[in-house]
Amino acid sequence: MGGTVAAVSSNGTYSFTKPNRESITLIAGFGVEGDVHAGATVKHRFRMRKDPSQPNLRQVHLIHAELFDEVRTAGFEVGAGELGENITTRGIDLLGLPTGTLLRLGDEAVVEVTGLRNPCAQIDGFHKGLMKQVVGRDDEGRTRFKSGIMSVVVSGGPVRAGDPIDVELPDGPHRPLEIV
């Protein structure tokens with residue numbers, strides 16, 4: 001099971017969107033070099049106010065490009081990096097991965113999936129009505145967040161658009177993703 005890196009993005013300042021880059025460098029236990037959300041402890045502003053000493057389980061944000069295809073059918077144009085993700089993927093059901101899945105990105109970098117990204121109100125600030133598109137319901141009527149997954153860096157290295165992504169599932173039983 002695998003896919004491809006469609007785009008990579010980072011931003012050194014707090015901003016909803018992140019510009020696309022030719023490459024990003026992942027640093028083990030830290031995140032994306034030069035990205036505002038990199039660090040061993042939490043860097044998300046809301047979470048820092050609650051407890052700045054908690055571990056950063058949101059070092060690298062990944063979104064599946066298929067989400068952009070889906071929201072386009074509802075009239076929304078969204079491109080790589082525009083929802084704040086660091087890595088845009090294609091060909092992997094990110095939301096279906098269990099917690100603890102390892103994603104090998106290119107030749108060196110490895111991230112471990114920690115959970116779901118919870119969509120925030122800034123999504124509607126970016127495109128009014130987009131929040132409804134990234135929050136849905138599953139077959140049992142439970143809320144389903146579609147705005148990507150979060151991970152921590154296990155092994156560092158460069159990541160570029162076009163790099164292969166190999167998926168290594170953890171030993172079972174698998175734990176479904178929850179918001180981190």
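This briefing covers the overall build of one protein chain and the salt bridges within it. The model is predicted. The protein chain has four helices and 13 strands. The count of salt bridges comes to nine.

**Overall shape**

- The protein chain has 180 residues and a radius of gyration of 15 Å. A compact globule with 180 residues would have a radius near 16 Å, so the chain agrees with that expectation.
- The C-alpha trace spans about 35 × 35 × 35 Å along its principal axes.
- Of the contacts between residues at least 6 apart in sequence, 68% join residues at least 24 apart.

**Inside and surface**

- Buried residues account for 46% of the 180 residues.
- The accessible surface comes to about 8800 Å². Carbon and sulfur atoms hold 49% of that surface.
- The chain carries 20 positive and 23 negative charges.

- Asp-35 forms a salt bridge with Lys-18, and their closest N and O atoms are 2.8 Å apart.
- Asp-35 sits in the loop between β4 (31-32) and α1 (45-50), while Lys-18 sits in the loop between β1 (2-9) and β2 (20-21), so the pair ties together parts that are 17 residues apart in sequence.
- Asp-35 and Lys-18 are both buried.

**Helix α2 to strand β6: Glu-66 and Arg-90**

- The side chains of Glu-66 and Arg-90 meet in a salt bridge, at 3.9 Å from N to O.
- This pair links distant parts of the chain: Glu-66 is in helix α2 (residues 65-72) and Arg-90 is in strand β6 (residues 87-90), 24 residues apart.
- Glu-66 has a relative accessible area of 27%, so it is partly exposed. Buried would need under 20%.
- Arg-90 is also partly exposed, with 36% relative accessibility.
- Both residues belong to a network of salt bridges that links Glu-66, Asp-69, Arg-72, Glu-77 and Arg-90.

**Helix α2 to a loop: Lys-146 and Glu-70**

- Lys-146 and Glu-70 meet through their side chains in a salt bridge, at 2.6 Å from N to O.
- Lys-146 lies in the loop between β10 (143-145) and β11 (149-155), and Glu-70 lies in helix α2. The two are 76 residues apart, and the pair links distant parts of the chain.
- Lys-146 has 12% relative accessibility, so it counts as buried.
- Glu-70 has 34% relative accessibility, so it counts as partly exposed.

How values were computed. Residues numbered from 1 in each chain as written. Predicted model: local features only at pLDDT ≥ 70, side-chain atom pairs only at ≥ 80, totals over all residues. Heavy atoms only, no water. Rg over C-alpha atoms; globule rule 2.2 N^0.38 Å. Buried < 20%, exposed > 50% of the residue type's maximum accessible area, 1.4 Å probe, protein only. Contact = heavy atoms within 4.5 Å. Areas by Shrake-Rupley, 256 points an atom, 1.4 Å probe, with all protein chains shown as cover. Lys, Arg positive; Asp, Glu negative; His and termini not counted. Charge placed at Lys NZ, Arg CZ, Asp CG, Glu CD. Salt bridge = Lys/Arg side-chain N within 4 Å of Asp/Glu carboxyl O.
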